[in-house]
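The sequence and structure come first.

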Amino acid sequence: MPTTKTSQKKSSFNEGSTKLLPQQSPGDRLDLLKQMLLIRRFEEKAAQAATQKKIKGFCHLYIGQEALAVGTISVLNPHDGVITAYRDHGHGLARGMCPQACMAELFGKATGCSRGKGGSMHFFDAKKHFYGGHGIVGGQTPLGLGIAFSQKYKGDGGVTLCYLGDGAVNQGPFHESLNLAALWKLPIIYIIENNEWSMGTSLARSSAGLPLVNRAQAYDMAGIVADGMDVDDVRAKTAEAVHLARTESQPTLMEIKTYRYRGHSMSDPGSYRTKEEIEKHKQHDPILTYRSRLMEEGIMDNPTFDQLDAEAQKISQEAYDFAEKSPEPELETLWEDIFTPEDQIPPLEHRGRFHR
Ligand SMILES: Cc1ncc(C[n+]2csc(CCOP(=O)(O)OP(=O)(O)O)c2C)c(N)n1
């Protein structure tokens, strides 16, 4: 899929994206597959638990979109920031969060990554620089801007990936964020996960000015399109954007084309689309596509694939068992984790002097 260059200013930007990536070892290649398998099997376990009413709140699954989270996050450094919307399980796992803490969060247990108080939409792991999991459509886009601002202000060399769905592209805060990202030259990459549907509304019914990547032009930002069913394409294209952010502190808008196989959430039977449409996309399944490629490259055979798949299933089952056995949050913790404790608030002189 071609890179879309939307800015004349960034003319050097499209050259040789693969040169920006270090040579991958066979082990590195297999690791991408392992991560995608883990997300797929984890999500299937979560679906089972939701059907059993062990997960009682919302549960938005990522099945079909695995290559997108895995490919983009695979090019980051550990201290780079990641923030996304409510369909966040895949990003959290790709960022290296503990599957047991993630499953326990879905079960609303005290051992969960947000101590059982956030659920499916609010995975969080500050140590991994994974800043959620946000339920307000588009609400994470100005928050991502703030993370990138902080990285630039501190000069720590970090970049931020901020994901949003195609249903968030017309939200005002997103456009305000794009404007400031370009104006202040922040090291942020906004990644539209275009899975063609926002709940039951198709992209064609909700958005003018397609393709979505064109929105970059209004802010004189670079724009890149990637094939979200192909983990290698996602990696190569994201590497371009990360390079631009890291070396020139320039933002990028990426549109990555993908597809969700399941309903919007576990309570959505998905009757607004046909089985044929879903089957058509499954022909380009990101895991099966990558599996065939690794076999062609001689890196993997069928027994190895089965073994990796069995490992992913085992980790997911262990996460389920851990979540089931874990305790509920204590009632006394109800008022904790709401406001920043007094002693952790920075002194006044360290606040409000960022932009002049
Ligand atoms: C501001 C706001 N408006 C409406 C909603 C209700 N809502 C929840 S998810 C959703 C659809 C978003 O779709 P998209 O951004 O494409 O993400 P996807 O579900 O495809 O990952 C809507 C309208 C909300 N959570 N926040």
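The model is a predicted one, in which local features need pLDDT of at least 70, side-chain atom pairs count only at pLDDT 80 or more, and totals for chains, interfaces and linings use all residues. Residues are numbered from 1 along each chain as its sequence is written.

Leucine 30 is found in helix 1, helices being DSSP runs (H or I, at least four residues) numbered from the N terminus. Leaving aside neighbours within four places in sequence, leucine 30 is in contact with Ile299 and Met300, contact meaning C-beta atoms, placed from the backbone, within 7 Å. The C-alpha atoms of leucine 30 and leucine 294 are separated by 8.0 Å, although the two residues are 264 residues apart along the chain.

## The largest nonpolar core

The largest nonpolar core has 90 residues, of which Met36, Ile189, Tyr190 and Met254 touch the most other members; such a core is a set of buried Ala, Val, Leu, Ile, Met, Phe, Trp, Tyr and Cys residues joined through C-beta atoms within 7 Å. Helix 1 (residues 26–51) gives the largest share of this core, ten residues. Beyond its neighbours within four places in sequence, isoleucine 189 is in contact with residues including Val159, Leu161, Ala241 and Met254.

## Helix 2

Helix 2 (residues 66–73) is mostly covered, with eight of its eight residues buried, among them Glu66 and Thr72.

Technical notes:
A residue is buried if 20 or more other C-beta atoms lie within 10 Å of its own, exposed if 12 or fewer, and partly exposed in between; C-beta atoms are placed from the backbone. Helices (H or I, at least four residues) and strands (E, at least two) are DSSP runs, numbered from the N terminus. Two residues are in contact if their C-beta atoms, placed from the backbone, lie within 7 Å.
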